[in-house]
Amino acid sequence: ERSRVCDVVLSTVREVMSSAEHPFCFEIFSANRKSYLLQAEGPHDYQAWIRAIRCVACLPPLLSAPHLK
């Protein structure tokens, strides 16, 4: 079952310095001032997630997946 955690349309994403214990981490800052620390499975997923979130965050509100609201 899907559930929305945060609206990435109004969010920003920050790359987090990787460590041996926590590689491929990034942080999402939502419009409600909460932050979410996420970890990708590998370097390709890491870049894909960051690119996708940044791309969606640049979309005008009417073009951003209204069916997920």
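Let me start with a definition: a residue is buried under 20% relative accessible area, exposed over 50%, and partly exposed in between, using a 1.4 Å probe and protein chains only. Helices (H or I, at least four residues) and strands (E, at least two) are DSSP runs, numbered from the N terminus.

Hi everyone, a word on the source. This is a predicted model, where local features need pLDDT of at least 70 and side-chain atom pairs count only at pLDDT 80 or more, while totals for chains, interfaces and linings use all residues. Residues are numbered from 1 along each chain as its sequence is written, and side-chain values use heavy atoms, with hydrogens and water left out.

Now, helix α1. Which residues of α1 are buried? They are Tyr46, Ile50 and Ile53. Looking down the axis of α1, the buried residues fall within an arc of 70°, taken from the directions from the helix axis to the C-beta atoms, so they line one face of the helix. These buried residues pack against β1 (12–15) and β2 (25–29), where contact means heavy atoms within 4.5 Å. On the face turned away from that buried side, you'll find the exposed residues His44 and Arg51.

Let's move to the loops. Phe24 sits in the loop between β1 and β2, and its phi is near 60°, a positive value in a residue other than glycine. Is Phe24 buried or partly exposed? Phe24 counts as partly exposed, because its relative accessibility is 25%.

Then there's Arg33, in the loop between β2 and β3 (35–39). Arg33 also has a positive phi, near 70°, and is not a glycine either. With a relative accessible area of 80%, Arg33 is exposed.
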